Amino acid sequence: MGSSLFASKFRSGMVLMAVAVAAMTISGCAGKAKPRLAYEERPVEALYNTGYQRLQQHRWSDAVDYFQEVERQHPYSDWARRSILMQVYAYYQNNNYADAIAAADRFIALFPGNPSAAYAFYMKAVCNFEQITDVGRDQGYANAALTGLRDVARRYPGTPFASDAAIKIDMVNDQLAGKEMNIGRYYQRNNQPLAALNRYKAVITNPDFQRTSHTPEALYRLVEVNLMLGLKEEATRNGAVLGYNYPGSPWYAEAYALLTENGQSPDKAPEGKRESWLRRLIPG
C-alpha cells in the first residue's frame with residue numbers, strides 16, 4: 001500500500017493502544033506455532049499484568065499467551081473480558097489480522113452490549129483497512145473495510161472511533177474509485193470504449209466517489225471516449241463540467257486541447273497548463 005493512503009503502523013498502533021486502554025479503564029514472529037504456557041494457577045492480576053508488560057515490550061505473541069491464560073483460568077471474570085480486547089490489539093500489532101478479527105468477533109458475540117464493543121467493531125474494520133492492496137488487485141479487503149467503517153460510524157456517532165472511521169471511509173472510497181479508473185483504462189487501451197465509458201461514469205455518478213481525487217481524470221476520460229465514439233456534443237458537455245469544477249486542473253487543459261483539435265469550441269479557457277507527464281498516463 002502506498003504511503004499516501006495509510007499512516008505508519010507504529011503511529012496507528014500507538015493511537016489504538018491509547019484508545020484501548022481508555023476504553024477498558026485499567027491501570028515475536030508469525031508463522032511457527034508456539035507451545036502454550038504450562039498451566040500454573042496464579043493470581044489473575046499477575047497474569048494480566050505480565051501480559052500487559054509484554055505488550056509494552058512489543059512482545060506481541062508472548063502477550064497473547066498471557067491474556068489467553070487469563071481467559072483459561074478465570075473465564076467468567078472481568079479480567080477475561082478485558083483480555084480478549086488486549087488479544088485483539090496484540091494480534092493486530094503482530095500483523096495477525098485474521099486472529100485479531102476472530103478475537104474481536106468473539107468479544108462482540110459474548111459482550112454485545114458492553115461499551116468496549118465499539119473498540120472491537122472498530123478493530124475489525126481497521127484490520128481489513130490495513131490489508132487493502134493496490135488497485136490492480138482484488139479489492140475484497142477494501143469493500144470489507146468500507147462496510148465495517150460505515151457500521152462503526154453508524155453505531156457510535158460522536159466517538160473517536162467514528163471520527164477516525166470517517167477519515168478512513170474517504171480513503172477507501174478513493175481506493176475503490178481508483179479501481180474503477182484502472183479497469184476503465186484497461187478497456188480503453190483494448191479498444192472497448194463502451195465498457196470504459198461505464199467505468200468512468202461510475203466514478204462521476206457515485207456520490208461516494210465524486211469527492212475523490214479521480215473525478216477530474218474520469219471527466220477527461222469521458223471526453224476522450226465520447227470523441228472516440230463520435231459523440232462530440234456529449235464530449236463537449238463533459239469537458240464543460242470538468243472546466244467548471246476544475247478549471248486549473250491539467251486534466252482540463254488536456255480536455256480543452258483535445259476538444260479544440262476535434263473542431264469543438266469549449267466556452268471556458270483552461271487556467272492551468274498541460275503537463276507532459278500526464279500524456280504518459282493517457283491510454284493509446
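Biologist: Which residue takes a positive phi just after α2?
Modeller: That's H58, with a phi of about 65 degrees. Keep in mind that this is a predicted model.

Biologist: Got it. And what about α2, where does that helix run and how many residues does it have?
Modeller: Helix α2 covers residues 44-56, which makes 13 residues. At 1.5 Å a residue the helix should span 18 Å, and its end C-alpha atoms lie 19 Å apart, so the two values agree.

Biologist: Which residues of α2 are buried?
Modeller: The buried ones are V44, L47, Y48, T50, G51, Y52, R54 and L55.

Biologist: Switching topic: where is T212?
Modeller: T212 sits in the loop between α9 and α10, the latter being residues 215-228.

Biologist: Is T212 buried or exposed?
Modeller: T212 is buried, because its relative accessible area is 8%, and the cut-off for buried is under 20%.

Biologist: Which residues does T212 touch, leaving aside those up to four places away in sequence?
Modeller: T212 touches N173, D174 and A177. Take D174: T212 and D174 are 38 residues apart in sequence, yet their C-alpha atoms are 5.2 Å apart in space.

Biologist: Nice. Now the surface: which residues make the nonpolar patch?
Modeller: L194, M228, L229 and L231 make a nonpolar surface patch of about 350 Å².

Biologist: Where in the structure is L194?
Modeller: L194 is in helix α9, which runs over residues 193-205.

Biologist: And why does L194 count as exposed?
Modeller: Because its relative accessibility is 57%, and exposed means over 50%.

Conventions:
Residues are numbered from 1 along each chain as its sequence is written. This is a predicted model: local features need pLDDT of at least 70, side-chain atom pairs count only at pLDDT 80 or more; totals for chains, interfaces and linings use all residues. Side-chain values use heavy atoms; hydrogens and water are left out. Patches are made of residues with over 30% relative accessible area and no salt bridge: like charges are joined within 9 Å, nonpolar side chains (Val, Leu, Ile, Met, Phe, Trp, Tyr) within 5 Å. Accessible areas come from the Shrake-Rupley method with a 1.4 Å probe; for residues, only the protein chains shown count as cover. A salt bridge is a side-chain nitrogen of Lys or Arg within 4 Å of a carboxyl oxygen of Asp or Glu. Helices (H or I, at least four residues) and strands (E, at least two) are DSSP runs, numbered from the N terminus. Buried means under 20% relative accessible area, exposed over 50%, partly exposed in between (1.4 Å probe, protein chains only). Contact means heavy atoms within 4.5 Å. The expected span of a helix is 1.5 Å times one less than its number of residues.
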